[in-house]
Amino acid sequence: MTEQPPRPEELPPPAAALFPERATRERIDDLLTRALALAQQRVLAGSVTPTLQRERLHQQLAAFDFETPLPLEQLIAWTIEQLEHGVVHMTHPRYFGLFNPAPNFPAQCADRISGAFNPQLASSGSSPAPVAIEAHVIRALALRAGLPARSSGHFTTAGSEANYTALVCALTRASSRYGTEGIRAFSGAPVFYASRECQPGWFKIAHQAGVGRAGLRLVATDGSGRMASAALAEAIARDRERGAVPILIAATAGTTGAGMIDPLSECAAIAQDHGIWYHVDAAWGGAALSSERLRGLLAGIERADSVTIDAHKWFATTMGCGMFITRHPQVLSEAFRVTTDFMPSNVATLDPYLNSAQWSRRFLGLRLFLALAAAGWAGYGAHVERAVRVIGEIAQRLRACGWRVANDPQLAVLCLTPPAGSAAPREIARRVLASGRAWIAVTTFEGREVVRICATHGEISMADVQLLVAALEAACGRVAESGSG
Ligand SMILES: *Cc1c(COP(=O)(O)O)cnc(C)c1O
(Lines give C-alpha, C1' and ligand atoms only; values in the text may rest on other atoms or scores of the structure.)
Protein backbone atom coordinates (compact mmCIF):
# COMPACT_ATOMS: atom_id res chain seq x y z
CA MET A 1 0.00 0.00 0.00
CA THR A 2 1.42 3.38 -0.97
CA GLU A 3 1.22 6.17 1.59
CA GLN A 4 -0.64 9.29 0.58
CA PRO A 5 1.06 12.57 1.48
CA PRO A 6 -1.07 14.17 4.22
CA ARG A 7 -3.41 16.86 2.94
CA PRO A 8 -3.14 20.28 4.60
CA GLU A 9 -6.49 19.92 6.36
CA GLU A 10 -5.20 16.80 8.04
CA LEU A 11 -2.42 18.64 9.86
CA PRO A 12 -3.07 18.97 13.55
CA PRO A 13 -4.27 22.44 14.53
CA PRO A 14 -1.62 24.92 15.71
CA ALA A 15 -0.90 24.82 19.44
CA ALA A 16 -3.71 27.12 20.58
CA ALA A 17 -2.00 28.30 23.78
CA LEU A 18 1.01 29.46 21.76
CA PHE A 19 -0.76 30.76 18.68
CA PRO A 20 -4.27 31.78 19.74
CA GLU A 21 -6.73 33.04 17.17
CA ARG A 22 -6.91 36.73 16.40
CA ALA A 23 -9.94 37.59 18.57
CA THR A 24 -8.35 35.98 21.63
CA ARG A 25 -5.08 37.81 21.03
CA GLU A 26 -6.80 41.15 20.75
CA ARG A 27 -8.82 40.58 23.91
CA ILE A 28 -5.74 39.58 25.93
CA ASP A 29 -3.69 42.39 24.42
CA ASP A 30 -6.28 44.96 25.59
CA LEU A 31 -6.43 43.33 28.98
CA LEU A 32 -2.66 43.44 29.29
CA THR A 33 -2.48 47.11 28.30
CA ARG A 34 -5.07 48.04 30.94
CA ALA A 35 -3.54 45.82 33.63
CA LEU A 36 -0.10 47.36 33.08
CA ALA A 37 -1.47 50.90 33.28
CA LEU A 38 -3.21 50.13 36.58
CA ALA A 39 -0.14 48.44 37.99
CA GLN A 40 1.94 51.47 37.05
CA GLN A 41 -0.44 53.74 38.97
CA ARG A 42 -0.10 51.55 42.05
CA VAL A 43 3.70 51.50 41.69
CA LEU A 44 3.84 55.31 41.74
CA ALA A 45 1.80 55.41 44.95
CA GLY A 46 3.74 52.62 46.65
CA SER A 47 7.14 51.56 47.86
CA VAL A 48 10.18 52.02 45.62
CA THR A 49 11.76 48.91 47.13
CA PRO A 50 10.42 45.33 46.89
CA THR A 51 7.64 44.30 49.26
CA LEU A 52 7.67 40.71 48.05
CA GLN A 53 7.17 37.81 50.40
CA ARG A 54 9.91 35.59 49.09
CA GLU A 55 8.65 32.49 50.86
CA ARG A 56 5.27 32.81 49.19
CA LEU A 57 6.82 33.34 45.78
CA HIS A 58 8.98 30.25 46.12
CA GLN A 59 5.96 28.17 47.14
CA GLN A 60 3.96 29.47 44.21
CA LEU A 61 6.85 28.90 41.83
CA ALA A 62 7.25 25.34 43.06
CA ALA A 63 3.63 24.74 42.06
CA PHE A 64 4.47 25.50 38.42
CA ASP A 65 5.33 21.96 37.36
CA PHE A 66 4.48 22.74 33.72
CA GLU A 67 2.32 19.65 33.51
CA THR A 68 -1.09 21.32 33.58
CA PRO A 69 -1.54 24.24 31.15
CA LEU A 70 -2.95 27.39 32.74
CA PRO A 71 -4.94 30.22 31.16
CA LEU A 72 -2.72 33.02 29.88
CA GLU A 73 -4.91 35.74 31.46
CA GLN A 74 -4.33 34.19 34.86
CA LEU A 75 -0.59 33.89 34.23
CA ILE A 76 -0.33 37.50 33.11
CA ALA A 77 -2.13 38.72 36.23
CA TRP A 78 0.17 36.59 38.41
CA THR A 79 3.30 37.85 36.65
CA ILE A 80 2.33 41.50 36.92
CA GLU A 81 1.71 41.00 40.64
CA GLN A 82 5.20 39.52 41.08
CA LEU A 83 6.81 42.42 39.26
CA GLU A 84 4.72 44.95 41.11
CA HIS A 85 6.01 43.67 44.43
CA GLY A 86 9.22 41.93 43.48
CA VAL A 87 11.48 44.58 41.97
CA VAL A 88 13.12 47.86 42.85
CA HIS A 89 10.98 50.15 40.73
CA MET A 90 13.05 51.91 38.08
CA THR A 91 9.79 53.48 36.94
CA HIS A 92 9.32 55.19 40.29
CA PRO A 93 10.50 58.83 40.24
CA ARG A 94 12.19 58.37 43.60
CA TYR A 95 14.47 55.68 42.23
CA PHE A 96 17.63 57.82 42.52
CA GLY A 97 19.49 54.80 41.46
CA LEU A 98 22.10 53.26 39.30
CA PHE A 99 21.76 54.16 35.66
CA ASN A 100 18.62 52.07 35.08
CA PRO A 101 15.99 54.34 33.60
CA ALA A 102 12.26 54.55 33.60
CA PRO A 103 11.93 53.65 29.92
CA ASN A 104 10.72 56.30 27.56
CA PHE A 105 7.45 55.67 25.76
CA PRO A 106 8.72 55.54 22.15
CA ALA A 107 11.18 52.81 23.19
CA GLN A 108 8.36 50.82 24.71
CA CYS A 109 6.43 51.17 21.46
CA ALA A 110 9.53 49.98 19.61
CA ASP A 111 9.63 46.83 21.71
CA ARG A 112 6.07 46.01 20.75
CA ILE A 113 6.82 46.51 17.08
CA SER A 114 10.02 44.44 17.23
CA GLY A 115 8.22 41.72 19.14
CA ALA A 116 5.41 41.58 16.60
CA PHE A 117 7.61 41.31 13.49
CA ASN A 118 10.51 39.61 15.25
CA PRO A 119 12.99 40.43 12.49
CA GLN A 120 16.33 38.64 12.46
CA LEU A 121 18.91 41.44 12.50
CA ALA A 122 21.89 39.22 11.75
CA SER A 123 21.80 39.96 8.07
CA SER A 124 20.81 42.70 5.69
CA GLY A 125 19.40 39.99 3.45
CA SER A 126 16.66 39.04 5.89
CA SER A 127 16.15 42.48 7.43
CA PRO A 128 17.12 45.17 4.93
CA ALA A 129 14.96 47.87 6.56
CA PRO A 130 15.92 47.26 10.22
CA VAL A 131 19.63 46.95 9.36
CA ALA A 132 19.48 50.27 7.51
CA ILE A 133 17.59 51.97 10.37
CA GLU A 134 20.14 50.80 12.95
CA ALA A 135 23.08 51.85 10.78
CA HIS A 136 21.48 55.28 10.35
CA VAL A 137 21.14 55.77 14.13
CA ILE A 138 24.71 54.61 14.78
CA ARG A 139 26.01 57.06 12.17
CA ALA A 140 23.98 59.89 13.72
CA LEU A 141 25.51 59.16 17.13
CA ALA A 142 29.00 58.94 15.62
CA LEU A 143 28.58 62.32 13.94
CA ARG A 144 27.12 63.82 17.11
CA ALA A 145 30.26 62.66 18.95
CA GLY A 146 32.40 64.28 16.25
CA LEU A 147 33.68 61.08 14.69
CA PRO A 148 34.18 60.98 10.92
CA ALA A 149 31.36 60.14 8.54
CA ARG A 150 32.96 56.81 7.58
CA SER A 151 32.43 55.59 11.17
CA SER A 152 30.17 52.66 11.84
CA GLY A 153 29.25 50.26 14.61
CA HIS A 154 26.26 48.39 15.88
CA PHE A 155 23.80 47.96 18.69
CA THR A 156 24.91 45.61 21.44
CA THR A 157 23.17 43.78 24.27
CA ALA A 158 24.60 46.45 26.58
CA GLY A 159 27.70 48.44 27.44
CA SER A 160 29.67 45.40 28.52
CA GLU A 161 29.46 43.84 25.08
CA ALA A 162 30.44 47.16 23.51
CA ASN A 163 33.47 47.49 25.80
CA TYR A 164 34.41 43.88 25.05
CA THR A 165 34.23 44.69 21.36
CA ALA A 166 36.59 47.62 21.93
CA LEU A 167 39.23 45.35 23.43
CA VAL A 168 38.85 42.78 20.66
CA CYS A 169 39.20 45.53 18.05
CA ALA A 170 42.27 46.93 19.78
CA LEU A 171 43.92 43.51 19.89
CA THR A 172 42.97 42.86 16.28
CA ARG A 173 44.50 46.10 15.08
CA ALA A 174 47.60 45.69 17.24
CA SER A 175 48.63 42.45 15.54
CA SER A 176 47.55 40.95 12.24
CA ARG A 177 48.26 37.54 13.80
CA TYR A 178 46.01 38.00 16.83
CA GLY A 179 42.96 36.61 15.03
CA THR A 180 44.73 33.34 14.35
CA GLU A 181 47.12 32.96 17.24
CA GLY A 182 45.35 34.82 20.02
CA ILE A 183 47.51 36.64 22.52
CA ARG A 184 50.44 34.36 21.61
CA ALA A 185 50.78 36.72 18.65
CA PHE A 186 52.29 39.37 20.93
CA SER A 187 55.92 39.60 21.97
CA GLY A 188 54.85 40.21 25.59
CA ALA A 189 51.74 40.25 27.72
CA PRO A 190 49.07 42.54 26.25
CA VAL A 191 47.89 45.11 28.81
CA PHE A 192 45.27 47.85 28.82
CA TYR A 193 44.46 50.87 30.95
CA ALA A 194 41.45 52.34 32.70
CA SER A 195 41.16 54.43 35.82
CA ARG A 196 40.54 52.83 39.17
CA GLU A 197 37.05 54.39 38.98
CA CYS A 198 36.29 52.43 35.79
CA GLN A 199 33.34 50.09 35.53
CA PRO A 200 34.49 46.72 36.94
CA GLY A 201 33.02 44.86 33.99
CA TRP A 202 36.43 45.50 32.39
CA PHE A 203 37.83 42.70 34.58
CA LYS A 204 35.36 40.22 33.11
CA ILE A 205 36.23 41.48 29.65
CA ALA A 206 39.95 40.99 30.30
CA HIS A 207 39.19 37.46 31.47
CA GLN A 208 37.02 36.58 28.45
CA ALA A 209 39.32 38.09 25.86
CA GLY A 210 42.28 36.02 27.05
CA VAL A 211 44.25 39.07 28.17
CA GLY A 212 43.65 38.02 31.77
CA ARG A 213 42.51 40.09 34.69
CA ALA A 214 46.10 41.06 35.50
CA GLY A 215 46.23 42.67 32.05
CA LEU A 216 43.93 45.44 33.22
CA ARG A 217 46.00 48.26 34.68
CA LEU A 218 44.01 50.43 37.05
CA VAL A 219 45.41 53.93 36.76
CA ALA A 220 45.32 56.28 39.75
CA THR A 221 42.83 59.13 39.87
CA ASP A 222 43.66 62.74 40.54
CA GLY A 223 41.69 63.22 43.76
CA SER A 224 38.55 64.29 41.89
CA GLY A 225 37.60 60.89 40.48
CA ARG A 226 39.23 61.49 37.08
CA MET A 227 42.07 59.46 35.62
CA ALA A 228 45.43 61.09 36.37
CA SER A 229 46.96 61.44 32.90
CA ALA A 230 50.52 61.64 34.26
CA ALA A 231 49.98 58.33 36.04
CA LEU A 232 48.64 56.87 32.81
CA ALA A 233 51.71 57.95 30.84
CA GLU A 234 54.00 56.55 33.55
CA ALA A 235 52.17 53.22 33.66
CA ILE A 236 52.53 52.81 29.91
CA ALA A 237 56.22 53.67 29.97
CA ARG A 238 56.82 51.22 32.82
CA ASP A 239 54.96 48.43 31.04
CA ARG A 240 56.92 49.05 27.83
CA GLU A 241 60.20 48.79 29.75
CA ARG A 242 59.11 45.48 31.19
CA GLY A 243 58.26 44.09 27.77
CA ALA A 244 54.48 44.18 28.14
CA VAL A 245 52.46 45.33 25.13
CA PRO A 246 50.07 48.25 25.76
CA ILE A 247 46.95 47.70 23.65
CA LEU A 248 44.18 50.03 24.71
CA ILE A 249 43.37 53.05 26.83
CA ALA A 250 39.76 53.09 28.03
CA ALA A 251 38.81 56.50 29.34
CA THR A 252 35.51 56.79 31.16
CA ALA A 253 33.15 59.63 30.31
CA GLY A 254 30.77 59.48 33.25
CA THR A 255 32.08 57.07 35.88
CA THR A 256 29.58 54.70 37.39
CA GLY A 257 30.34 55.82 40.93
CA ALA A 258 30.45 59.58 40.61
CA GLY A 259 29.68 60.54 37.01
CA MET A 260 33.16 61.96 36.51
CA ILE A 261 34.74 62.45 33.10
CA ASP A 262 38.36 61.44 32.55
CA PRO A 263 40.56 64.01 30.76
CA LEU A 264 39.52 62.79 27.31
CA SER A 265 41.85 64.95 25.20
CA GLU A 266 44.91 64.18 27.32
CA CYS A 267 44.16 60.46 27.17
CA ALA A 268 43.74 60.78 23.40
CA ALA A 269 47.13 62.44 23.07
CA ILE A 270 48.84 59.71 25.12
CA ALA A 271 47.16 56.99 23.06
CA GLN A 272 48.29 58.72 19.89
CA ASP A 273 51.88 59.07 21.12
CA HIS A 274 52.05 55.34 21.77
CA GLY A 275 49.95 54.17 18.83
CA ILE A 276 47.43 52.59 21.20
CA TRP A 277 43.71 52.14 20.54
CA TYR A 278 41.74 54.88 22.31
CA HIS A 279 38.33 53.93 23.63
CA VAL A 280 35.88 56.18 25.45
CA ASP A 281 33.43 54.38 27.69
CA ALA A 282 30.55 56.83 27.69
CA ALA A 283 27.99 54.17 28.56
CA TRP A 284 25.98 56.51 30.71
CA GLY A 285 27.50 59.95 30.09
CA GLY A 286 27.25 59.72 26.29
CA ALA A 287 23.70 61.04 26.38
CA ALA A 288 25.14 64.43 27.38
CA LEU A 289 26.09 64.75 23.69
CA SER A 290 22.46 65.58 23.01
CA SER A 291 22.61 68.78 25.06
CA GLU A 292 24.10 71.86 23.43
CA ARG A 293 24.96 73.15 26.89
CA LEU A 294 26.60 69.95 28.18
CA ARG A 295 28.18 68.28 25.15
CA GLY A 296 31.33 70.36 25.56
CA LEU A 297 32.07 68.37 28.73
CA LEU A 298 32.85 65.41 26.46
CA ALA A 299 35.37 67.31 24.33
CA GLY A 300 38.05 64.87 23.21
CA ILE A 301 35.58 62.06 22.54
CA GLU A 302 35.87 62.97 18.84
CA ARG A 303 39.45 61.64 18.92
CA ALA A 304 38.36 58.17 20.05
CA ASP A 305 38.98 55.08 17.97
CA SER A 306 35.81 53.71 19.49
CA VAL A 307 33.03 54.72 21.85
CA THR A 308 30.53 52.86 24.03
CA ILE A 309 27.16 54.47 24.64
CA ASP A 310 24.22 52.74 26.31
CA ALA A 311 20.84 53.83 25.04
CA HIS A 312 19.31 52.06 28.06
CA LYS A 313 20.91 54.44 30.52
CA TRP A 314 20.52 58.19 30.17
CA PHE A 315 18.85 57.88 26.77
CA ALA A 316 16.20 55.96 28.75
CA THR A 317 15.32 53.19 26.33
CA THR A 318 14.27 49.78 27.56
CA MET A 319 17.04 47.35 28.59
CA GLY A 320 19.50 46.39 27.34
CA CYS A 321 20.48 48.56 24.44
CA GLY A 322 24.16 49.37 24.02
CA MET A 323 26.08 50.82 21.11
CA PHE A 324 29.58 50.31 19.83
CA ILE A 325 30.81 53.04 17.52
CA THR A 326 34.16 53.10 15.75
CA ARG A 327 36.05 55.15 13.21
CA HIS A 328 37.61 51.89 11.93
CA PRO A 329 34.81 49.81 10.37
CA GLN A 330 37.40 47.62 8.66
CA VAL A 331 38.74 46.49 12.05
CA LEU A 332 35.25 45.34 13.02
CA SER A 333 34.98 43.41 9.77
CA GLU A 334 38.36 41.82 10.46
CA ALA A 335 37.56 40.94 14.08
CA PHE A 336 34.20 39.30 13.42
CA ARG A 337 34.67 37.84 9.94
CA VAL A 338 33.34 34.40 9.18
CA THR A 339 32.33 32.48 6.06
CA THR A 340 29.03 30.70 5.68
CA ASP A 341 26.92 29.47 2.82
CA PHE A 342 23.59 29.45 4.65
CA MET A 343 23.11 33.14 5.46
CA PRO A 344 20.84 35.26 3.26
CA SER A 345 23.58 37.81 2.64
CA ASN A 346 27.36 38.16 2.96
CA VAL A 347 28.02 41.88 2.77
CA ALA A 348 31.29 42.26 4.67
CA THR A 349 30.80 45.96 5.31
CA LEU A 350 27.14 45.78 6.29
CA ASP A 351 25.88 42.56 7.78
CA PRO A 352 25.74 42.67 11.58
CA TYR A 353 26.74 38.99 11.95
CA LEU A 354 29.98 39.78 10.08
CA ASN A 355 30.78 42.85 12.17
CA SER A 356 29.81 42.09 15.75
CA ALA A 357 29.95 39.49 18.50
CA GLN A 358 26.31 38.45 18.21
CA TRP A 359 24.77 36.30 15.53
CA SER A 360 20.99 36.23 15.97
CA ARG A 361 19.98 39.61 17.19
CA ARG A 362 16.91 41.60 18.15
CA PHE A 363 15.92 44.89 16.54
CA LEU A 364 17.22 46.93 19.48
CA GLY A 365 18.08 50.06 17.53
CA LEU A 366 14.44 50.82 16.83
CA ARG A 367 14.12 51.97 20.44
CA LEU A 368 16.59 54.80 20.03
CA PHE A 369 15.46 55.51 16.48
CA LEU A 370 11.85 56.13 17.55
CA ALA A 371 12.84 58.05 20.69
CA LEU A 372 15.39 60.24 18.93
CA ALA A 373 13.11 60.86 15.96
CA ALA A 374 10.20 61.72 18.27
CA ALA A 375 12.15 63.98 20.65
CA GLY A 376 14.95 65.24 18.41
CA TRP A 377 18.34 66.12 19.86
CA ALA A 378 16.67 69.09 21.53
CA GLY A 379 14.15 66.89 23.31
CA TYR A 380 16.88 64.61 24.57
CA GLY A 381 18.98 67.63 25.48
CA ALA A 382 16.14 68.95 27.64
CA HIS A 383 15.78 65.52 29.28
CA VAL A 384 19.48 65.44 30.16
CA GLU A 385 19.59 69.05 31.36
CA ARG A 386 16.53 68.44 33.52
CA ALA A 387 18.38 65.64 35.36
CA VAL A 388 21.38 67.91 35.98
CA ARG A 389 19.01 70.54 37.34
CA VAL A 390 17.41 67.96 39.67
CA ILE A 391 20.85 67.10 41.04
CA GLY A 392 21.56 70.81 41.55
CA GLU A 393 18.33 71.23 43.53
CA ILE A 394 19.09 68.21 45.72
CA ALA A 395 22.67 69.39 46.33
CA GLN A 396 21.52 72.88 47.27
CA ARG A 397 18.97 71.62 49.80
CA LEU A 398 21.32 69.13 51.40
CA ARG A 399 24.18 71.63 51.61
CA ALA A 400 21.83 73.88 53.55
CA CYS A 401 21.34 70.98 55.99
CA GLY A 402 25.09 70.54 56.47
CA TRP A 403 25.80 67.80 53.93
CA ARG A 404 28.96 68.08 51.84
CA VAL A 405 29.13 67.38 48.12
CA ALA A 406 32.13 65.08 47.60
CA ASN A 407 32.28 65.07 43.79
CA ASP A 408 31.95 67.76 41.14
CA PRO A 409 28.49 66.85 39.83
CA GLN A 410 28.63 68.23 36.28
CA LEU A 411 26.42 65.41 35.07
CA ALA A 412 23.61 63.88 37.13
CA VAL A 413 25.37 61.95 39.90
CA LEU A 414 25.81 63.39 43.36
CA CYS A 415 28.18 61.93 45.95
CA LEU A 416 27.50 63.15 49.47
CA THR A 417 29.16 63.12 52.84
CA PRO A 418 26.57 63.38 55.62
CA PRO A 419 26.84 66.06 58.30
CA ALA A 420 29.03 65.44 61.34
CA GLY A 421 27.31 63.30 63.93
CA SER A 422 25.24 61.40 61.35
CA ALA A 423 25.08 57.69 60.80
CA ALA A 424 27.56 56.28 58.26
CA PRO A 425 26.55 56.48 54.57
CA ARG A 426 25.89 52.72 54.41
CA GLU A 427 23.53 52.92 57.37
CA ILE A 428 21.81 55.99 55.94
CA ALA A 429 21.19 54.19 52.66
CA ARG A 430 19.90 51.12 54.50
CA ARG A 431 17.41 53.25 56.41
CA VAL A 432 16.22 55.10 53.33
CA LEU A 433 15.68 51.83 51.45
CA ALA A 434 13.91 50.29 54.42
CA SER A 435 11.52 53.24 54.48
CA GLY A 436 10.55 52.48 50.87
CA ARG A 437 10.43 56.23 50.24
CA ALA A 438 13.37 56.36 47.85
CA TRP A 439 16.18 54.26 46.44
CA ILE A 440 19.74 55.51 46.76
CA ALA A 441 23.14 53.85 46.75
CA VAL A 442 26.41 53.86 48.64
CA THR A 443 29.74 53.95 46.88
CA THR A 444 33.38 54.70 47.51
CA PHE A 445 34.63 57.94 46.03
CA GLU A 446 38.34 58.71 46.24
CA GLY A 447 38.71 56.29 49.12
CA ARG A 448 35.75 57.54 51.16
CA GLU A 449 32.31 56.03 51.59
CA VAL A 450 29.63 58.35 50.25
CA VAL A 451 25.90 58.42 49.64
CA ARG A 452 25.28 58.27 45.90
CA ILE A 453 22.27 59.84 44.23
CA CYS A 454 21.60 59.79 40.52
CA ALA A 455 18.76 61.55 38.77
CA THR A 456 17.78 58.50 36.78
CA HIS A 457 14.10 59.10 36.15
CA GLY A 458 12.91 61.59 33.53
CA GLU A 459 9.87 62.75 35.51
CA ILE A 460 11.24 63.60 38.96
CA SER A 461 9.23 66.45 40.50
CA MET A 462 10.19 69.02 43.13
CA ALA A 463 7.93 67.10 45.52
CA ASP A 464 10.10 64.03 44.90
CA VAL A 465 13.22 66.11 45.59
CA GLN A 466 11.74 67.29 48.87
CA LEU A 467 10.69 63.78 49.87
CA LEU A 468 14.19 62.48 49.13
CA VAL A 469 15.80 65.24 51.18
CA ALA A 470 13.40 64.52 54.05
CA ALA A 471 14.13 60.78 53.85
CA LEU A 472 17.90 61.46 53.92
CA GLU A 473 17.61 63.86 56.82
CA ALA A 474 15.50 61.37 58.77
CA ALA A 475 17.99 58.59 58.02
CA CYS A 476 20.92 60.62 59.33
CA GLY A 477 19.72 60.00 62.84
CA ARG A 478 20.31 63.62 63.87
CA VAL A 479 16.61 64.40 63.85
CA ALA A 480 13.73 62.44 65.34
CA GLU A 481 12.73 59.67 62.96
CA SER A 482 9.17 59.26 61.90
CA GLY A 483 7.63 55.83 61.43
CA SER A 484 9.69 52.67 61.34
CA GLY A 485 12.39 54.16 59.01
C1 LIG B 1 26.83 50.70 32.91
C2 LIG B 1 28.21 50.88 32.53
C3 LIG B 1 28.94 49.83 31.94
C4 LIG B 1 28.37 48.46 31.76
O5 LIG B 1 27.36 48.52 30.81
P6 LIG B 1 26.11 47.51 30.84
O7 LIG B 1 25.18 48.18 29.91
O8 LIG B 1 25.61 47.45 32.24
O9 LIG B 1 26.62 46.22 30.34
C10 LIG B 1 30.23 50.10 31.54
N11 LIG B 1 30.79 51.29 31.74
C12 LIG B 1 30.12 52.31 32.31
C13 LIG B 1 30.82 53.63 32.49
C14 LIG B 1 28.81 52.13 32.73
O15 LIG B 1 28.15 53.16 33.29
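Leaving aside its neighbours within four places in sequence, which residues is D351 in contact with? In this predicted model, the partners of D351 are A122, S123, S124, G125, S345 and N346. D351 itself is placed in the loop between helix 11 (329–335) and helix 12. The C-alpha atoms of D351 and G125 are separated by 8.2 Å, although the two residues stand 226 residues apart along the chain. D351 counts as buried because its relative accessibility is 0%, and buried means under 20%.

The side chain of D351 takes part in two kinds of pairing. With the side chain of S345 it forms a polar contact of 2.8 Å. It also reaches the backbone nitrogen of V347, at 2.7 Å.

S123 occupies the loop between helix 4 (105–117) and helix 5 (128–144). Is S123 buried or exposed? With a relative accessible area of 0%, S123 is buried. Beyond its neighbours within four places in sequence, S123 is in contact with V131, M343, P344, S345, D351, P352 and Y353.

N355 is another residue of the loop between helix 11 and helix 12. Its relative accessibility is 9%, so N355 counts as buried. A polar atom of the N355 side chain lies 3.0 Å from the backbone oxygen of A348. When neighbours within four places in sequence are set aside, the contacts of N355 are with H154, P329, L332, S333, F336, V347, A348, T349 and L350.

The wider arrangement may be considered next. The domain assignment divides the protein into domain 1 (1–87), domain 2 (109–371) and domain 3 (376–484). Taken over C-alpha atoms, the centres of domain 2 and domain 3 are separated by 31 Å. Between these two domains, 34 residues of domain 2 are in contact with 23 residues of domain 3.

The largest nonpolar core has 84 residues, of which I249, Y278, W314, I394, I453 and L472 touch the most other members. Helix 12 (residues 365–400) gives the most to this core, contributing 12 residues. Domain 2 (109–371) and domain 3 (376–484) each supply at least three residues to the core. Apart from this core lies another, of 27 residues, including L171, W202, I205 and A250.

Which residues surround I249, leaving aside its neighbours within four places in sequence? I249 is in contact with Y193, M227, L232, I236, C267, I270, A271, I276, W277, Y278 and H279. One of these partners, Y278, is also among the core residues that touch the most other members.

The ligand has 14 residues around it, and G159, S160, D281, D310 and K313 come nearest. Helix 6 (residues 159–174) provides the largest share of this shell, with 3 residues. Several polar pairs can be traced from the ligand to side chains. A nitrogen atom of the ligand lies 2.6 Å from a polar side-chain atom of D281. For D310, a polar side-chain atom lies 2.6 Å from an oxygen atom of the ligand. An N or O atom in the side chain of H312 is 3.1 Å from an oxygen atom of the ligand. How much of the 380 Å² that the ligand exposes when taken alone does the protein bury? The protein buries 88% of that area.

Most residues other than glycine have a negative phi. F66, although not a glycine, has a positive phi of about 60°. F66 is placed in the loop between helix 2 (54–62) and helix 3 (72–85). At a relative accessibility of 74%, F66 counts as exposed, because exposed means over 50%.

A316 likewise is not a glycine and has a positive phi of about 60°. A316 lies in the loop between strand 6 (306–310) and strand 7 (322–326). Its relative accessibility is 5%, and A316 therefore counts as buried. Thus F66 is exposed, whereas A316 is buried.

Conventions
Residues are numbered from 1 along each chain as its sequence is written. This is a predicted model: local features need pLDDT of at least 70, side-chain atom pairs count only at pLDDT 80 or more; totals for chains, interfaces and linings use all residues. Side-chain values use heavy atoms; hydrogens and water are left out. A nonpolar core is a set of buried Ala, Val, Leu, Ile, Met, Phe, Trp, Tyr and Cys residues joined through side-chain atoms within 4.5 Å. Buried means under 20% relative accessible area, exposed over 50%, partly exposed in between (1.4 Å probe, protein chains only). Helices (H or I, at least four residues) and strands (E, at least two) are DSSP runs, numbered from the N terminus. Domain bounds come from an automatic or database domain assignment. Contact means heavy atoms within 4.5 Å. A residue is near a molecule or strand if one of its heavy atoms lies within 4 Å of it. A polar contact is a pair of N or O atoms within 3.5 Å; within protein, one must be able to donate a hydrogen and the other to accept it, and residues adjacent in sequence count only if both atoms are side-chain atoms. Accessible areas come from the Shrake-Rupley method with a 1.4 Å probe; for residues, only the protein chains shown count as cover.
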